[in-house]
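Biologist: Please take a close look at one part of this model for me, and then follow on to the contacts between side chains.

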Amino acid sequence: MKEQFVPYELALKLKELGFNEECFGYYDCTSLENPELVLIKITNRDFMFGCAAPLWQQAFDWLLKEHNLYGVIIPTITMCWTFKTMTVVEYIVEVPPYNHVDGTDYSTIEEAHKACLEKLIELVETKKG
């Protein structure tokens, strides 16, 4: 079930960007070398020594709601995965076929989710920059 949650490093970046939604889990950071995922309902406000662990979809939904950024994971003809990020303006998004995608093939959908979320976080940090 751990693979359903955003990894600790990205959860921490989301927290720094203002993510403060209720989650089913959190990362207990009493051991900084190996933060442990603990499953219970929590928000970042509720926990001082760690951070909320959002589900992948929850993180993507929050970025859309708060920053108008959308990421879509796309299967490729080589049986791999890639992604596309886009800014949503008044709920208008590009539909397939996409003009430009990441260009990198990821062997698993989990790798594509992680790369896409990293890119979306980078875009938010650049905007705030």
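Modeller: Ile-74 stands opposite Thr-82, a residue of strand β5. The model is predicted, so local features need pLDDT of at least 70 and side-chain atom pairs count only at pLDDT 80 or more, while totals for chains, interfaces and linings use all residues. Residues are numbered from 1 along each chain as its sequence is written, and side-chain values use heavy atoms, with hydrogens and water left out.

Seven bridges join β4 (residues 69-75) to β5 (residues 81-87) in the antiparallel sense; strands pair if DSSP finds at least two bridges between them. Helices (H or I, at least four residues) and strands (E, at least two) are DSSP runs, numbered from the N terminus. Five residues separate β4 from β5 in this hairpin, and Met-79 in the turn has a positive phi of about 65°.

Aromatic rings come next. Rings of Phe, Tyr and Trp (its six-membered ring) pair if their centres lie within 6.5 Å; planes under 30 degrees apart are stacked, over 60 edge-to-face, the rest tilted. That rule gives three aromatic pairs. Tyr-8 and Tyr-27 make an edge-to-face pair, 5.5 Å centre to centre with 70° between the planes. Tyr-8 is in helix α1 (residues 8-16) and Tyr-27 in strand β1 (residues 23-28), 19 residues apart. Tyr-8 is buried at 15% relative accessible area (buried is under 20%, exposed over 50%, partly exposed in between, with a 1.4 Å probe and protein chains only). Tyr-27 is also buried, at 6%.

Phe-19 and Trp-62 form an edge-to-face pair too, 5.5 Å centre to centre and 80° between the planes. Phe-19 lies in the loop between α1 and β1 and Trp-62 in helix α2 (residues 56-67), so this pair ties together parts 43 residues apart in sequence. Both Phe-19 and Trp-62 are buried.
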